[in-house]
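User: I am new to this structure and would like to understand the terms used for it. Could you take me through them with care?

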Amino acid sequence: MENTRSYLPEIIISAVFTVIFAVCLFLTGAVFRFTTAFLISAAWLIMNVRARVRGKFIPLKKRISDSVVITAMLVIPQLVVSVFAVESHSLWRLPYQNALINFYHNVKMPEDVLPPYAELKSEVKSDYRFSYLGSVMQGTGHYTVSFTADTDYAKNVAAHFADISADTFPLDGYSEPSDLAASDEPVLAVDRDFWNGREQGAVVYLLSHSGNVNHPHSTAVIVNTQSGAVSFSRLG
């Protein structure tokens, strides 16, 4: 009986981890980030509950060492490894996604470019898309927020960024340079799925770009004042 009761700490710890990762997965939609950790903690919880019910005997020293190893497997990757990829159509998740992404040194949207969540919540009408990919080794990541709004809001966004942009050009005339090392042309993160069919009349307001580098960086806002389509884009 004493040995059976001793499994309670492991059950509590594994249950807490399971709930934490389930909540994180729900709030951020970061499937690549939290699914594995959730499955590991859930499997650990099930094993602990079965061991308690069956009165299974495992020496205390081994239980402690196993708990330390599993806890390290769950916690260390979350602290050390940055976010890999997130795709979302749920605007309400954006504050939680930003909180997670901004915890790490990787691709971030400049704070003075993306409007506050409260503004987005009141202005976004449809077709909201969030796409994030972290930069890994030779791969350059991106951060894009795209949506449709009222044309008046799109015109206000266009007017604001037209005053501070370094360059402007039509989206339907843009294509990524085939040889980055031989070109000083800007490289952009464009959500092609979102802009498919919306390119005509859309204007790119280029705020900054790094030009001729192996790892390009750029910040841009793309607006179609006719359809109300807006996209905030960060590459690298």
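User: Why does V136 count as partly exposed?

Analyst: This is a predicted model, in which local features need pLDDT of at least 70, side-chain atom pairs count only at pLDDT 80 or more, and totals for chains, interfaces and linings use all residues. Residues are numbered from 1 along each chain as its sequence is written, and side-chain values use heavy atoms, with hydrogens and water left out. Buried means under 20% relative accessible area and exposed over 50%, with partly exposed in between (1.4 Å probe, protein chains only). V136 has 44% relative accessibility, so it counts as partly exposed. Its place is in the loop between β2 (126-133) and β3 (142-148), strands being DSSP runs of E with at least two residues, numbered from the N terminus.

User: What makes strand β6 largely enclosed by the rest of the structure?

Analyst: Seven of the seven residues of β6 (residues 218-224) are buried, so the strand is largely enclosed. S218, A220, I222 and N224 point one way, while T219, V221 and V223 point the other way, and all are buried. In a regular strand, side chains alternate between the two faces of the sheet.

User: How do you know that β6 pairs with β5 and with β7?

Analyst: Two strands pair if DSSP finds at least two bridges between them. Six bridges join β5 (residues 203-209) to β6, and these strands run antiparallel; seven bridges join β6 to β7 (residues 229-235), also antiparallel. S218 stands opposite H209 and opposite L235 in β7.

Terms used
Helices (H or I, at least four residues) and strands (E, at least two) are DSSP runs, numbered from the N terminus.
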